[in-house]
Amino acid sequence: MKLAYWMYAGPAHIGTLRIASSFKNVHAIMHAPLGDDYFNVMRSMLERERNFTPVTTSVVDRNVLARGSQEKVVDNITRKDAEEHPDLIVLTPTCTSSILQEDLQNFVERAQLESKGDVMLADVNHYRYNELQAADRTLHQIAQFYIEKALKRGELPTQKTEKPSVNIIGTSTMGFHNQHDCTELKRLMADLGIEVNVVMPESSTVYDIQKMPRAWFNLVPYRELGLPLAQYLQEQFGTPFVDITPMGVVETARCIRKIQQILNEQGAAVDYEAFINEQTLHVSQAAWFSRSIDCQNLTGKKAVVFGDNTHAAAMTKILAREMGIHVVLAGTYCKYDADWFREQVSEYCDEVLISEDNGEIGDAIARLEPSAIFGTQMERHVGKRLDIPCGVIAAPIHIQNFPIGYKPFMGYEGTNQITDLIYNSFTLGMEDHLLEIFGGHDTKEGITKGISADSDLAWSRDGLAELNKIPGFVRGKVKRNTEKFARERQIEQITAEVLYAAKESVGA
Amino acid sequence: MTLAETQPQALEFECETGNYHTFCPISCVAWLYQKIEDSFFLVIGTKTCGYFLQNAMGVMIFAEPRYAMAELEEGDISAQLNDYEELKRLCTQIKRDRNPSVIVWIGTCTTEIIKTDLEGLAPRLEAEIGIPIVVARANGLDYAFTQGEDTVLAAMAHRCPDKAPVAETEKEERNAISRLMNFGRKKEDVAADESEYVKHPPLVLFGSLPDPVVTQLTMELKRQGIKVSGWLPAKRFTELPVLEEGYYVSGINPFLSRTATTLMRRRKCKLIGAPFPIGPDGTRAWIEKICSVFGIEPQGLDDREAQIWAGLEDYVKLIRGKSVFFMGDNLLEISLARFLVRCGMTVPEIGIPYMDKRYQAAELALLEKTCAEMGVPLPRIMEKPDNYNQLQRIYQLKPDLVITGMAHANPLEARGINTKWSVEFTFAQIHGFTNARDVLELVTRPLRRNNSLKDLGWDKLVREEAKL
């Protein structure tokens, strides 16, 4: 057993559900107890999704515990097939079904006999994989299923597209700024004269999968999602892939050069150097920012970076290499892929931390006292407690990290966004510090006295006790309203009863 | 008019498939750890439970909560690790770091399936580490959302002292609670306080409420000369009320049937079955019922209720004649529906996870009576609803308001249907006369918001009509 207050990556089934609900017309059925469908709430709230999340539960209750699911799972699958006509239903195991050890594969096979759509069991073990690994596996599993199916039927178009084209693999629902990154990558490809063949899995259908072999190459922008699928496509069809995250000026250029090399190997004869030069010097503001005197002020400032592999590694490189900031610690919670992270960042930071324990990261931040933190929502709260500004760069994230405005982290517009994020974090910290030295913008005492300031009204002990139970941010208002109420009625002493009578009277 | 027609129709109860969305009952730790200030809640479960709590409670997580997960690993599942030793290690750490007065173990689906004997382990460990350990099996296999509180309070009921400790010098003091409450006060004051009450057998109320609401309801009964001897739960575990055989108890929330049963059967208390004090009508009925049990003639309730209703009129006129559909997820549905019918709304369907017709008998009777008096059809009560079927009924009925969970709220709004997120009713202060306005504040909010948007002509914000 492990005493845990918080976790960075969710349980395995969340990963599977993220993939399933990224596709169009794919439905996931969880084999889970009541209340485990919390994914729907998150998707509906965080992404402000207008449509119903295509996830339902085949409920595991006492009866299932006693007698097994029997017909229940099969019925739920065939019912959903008839109601919504999905192309694919993914039966999703949870921690509960992992230990029940029912033969879910058998349910899937039986349900398949009656279903028009395809039915599949997500192959993820709750106790072995986390959300990210499970998402990666599920995406691979679904893609492989449809490619093999098409191969069997001889329906797989293997001929490459006429013009150079790409599959973008790895944008998914609930991913950090994934929608914006996807738009930015599509723009970048258009600028490079590359057609986007398929984006996988976000907003695709399962029938798009069989089009994937037509692309000249695959682009896998996120380390956490899509690599096994890209490797599979390489083995099957020899399609090369680019797994350099185009985040930051230098890495974006590196990614584009790799694309150039891959296309030229296939006879495209493209030269992107002029494009990279133009974008770097004149379109992205990040290179110019690094030279400006603003950025000079950041030289040698200490920063701590923590997040998933993709974002923490990219941020570390941007801070150290492109802005001259001193990264005292870079860390990731992707323990299962720690070697890759170490290799990516070790030359750009003093210390590498691989941990899933938020206490450990909090302690490290307190010990190192950086001027800014770039981390998850958890680090933002550590920063709040320690009075250190924090820019959020990776999941886990809250609703404010699903902005409506265009905020990619990738590509050339992404470099601008990241520059703002970094600069704003540091200046806020500086400003705060200056304010402290000079004693603040304003005197802290109010100039005009509140209505209750000269109060001749006495608060009884129980009245005051009740007042103190009211949350701080409305207490002042409640106090004023109550006193107004008492004054109007010539009540001299405010007791708890008066306080609540004031609340009951309209307008108080 | 024949006699048959004057007979009110009986309420209709139906039961669907149980495919509905609700919170896992472990969510009760969110409000209980705040209510019971010296407690620590340890949820013994998996990453799934932890992920739910972390996301459901949002910012509370960061305020150093007095709850944590005992996250089960593969070794725990396959019994390679010893449960007792593991729990001892964790609880010792909690004792060292937080020093709580009680540790509440929340059993989950996983501990049920692997049959961890929490009830057996707790007394041994309690003796060894010297902190009371209360076990509540609040799992998704058996319960929904607020029923989690019910399992915790039922377990706590066993821990209430069964005899008022009688101190040598203060023999006239009735029990520990009143002594504590009167601590430091002069004897005459205490005597004067006592004289404000009618002589009646001790009454203990059960159900977790925010402290201000506790004060309000206590004051409400005091106006009738009724003394509340204690609350289950109290602010601190060390202040749990005395429960002697023959004490009267009354529930303030509709989801507390296990607690009620425990109090009756195990603690030999007498349950006052009343409607719940939600809405001015409910509050009044609740007080009247308690008064009638103690043979007290209620004073001034007519005026008090009328005054509250007058204060609500600006909200009531927004909803009068409108319809509301409860999808059902927190067991407050019957009481809320009854209040809203009294406000002039019609209710085609009340979804509810679980319907205890005995514990809620008085509330159901009041619902029937209210419908008859308001001249509206009786709602259909749908136990263990099926959300998919409910959505089809909602498309058909086009209710003015749907009270539902967050999984459905945004999608329904996008289809032009007003929704109110149901979980807010469990966290807002909704009990007693004082808070009736807060209930309507919640209910009318979507209507008020959408009133100000209605001329913009963008009600339906999805591309295709919903599939029927």
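**Exercise 1.** Find how many helices and strands chain B has.

*Solution.* Start with the terms: helices (H or I, at least four residues) and strands (E, at least two) are DSSP runs, numbered from the N terminus. With these, chain B comes to 20 helices and 14 strands. Before going on, note that this is a predicted model, where local features need pLDDT of at least 70, side-chain atom pairs count only at pLDDT 80 or more, and totals for chains, interfaces and linings use all residues. Residues are numbered from 1 along each chain as its sequence is written, chains are lettered from A and ligands numbered from 1 in the order in which they are written, and side-chain values use heavy atoms, leaving out hydrogens and water.

**Exercise 2.** Work out how much of chain B is buried.

*Solution.* Buried means under 20% relative accessible area (1.4 Å probe, protein chains only). Of the 468 residues in chain B, 60% are buried.

**Exercise 3.** Describe how H8(B) and H12(B) pack.

*Solution.* First, locate them: H8(B) spans residues 147-157 and H12(B) residues 257-265. Next, take the axes, which are lines fitted to C-alpha atoms over the stretch in contact (heavy atoms within 4.5 Å). These axes lie 7 Å apart, at an angle of about 15°, on a scale from 0 to 180 degrees between N-to-C directions. Angles under 35 degrees count as roughly parallel, so that is how H8(B) and H12(B) stand to each other. Finally, look at who meets whom: the residues of H8(B) in the contact include Leu153(B) and Ala154(B), and those of H12(B) include Thr262(B) and Leu263(B).

Key. Buried < 20%, exposed > 50% of the residue type's maximum accessible area, 1.4 Å probe, protein only. Parallel < 35°, antiparallel > 145°, perpendicular 65-115°, else oblique.
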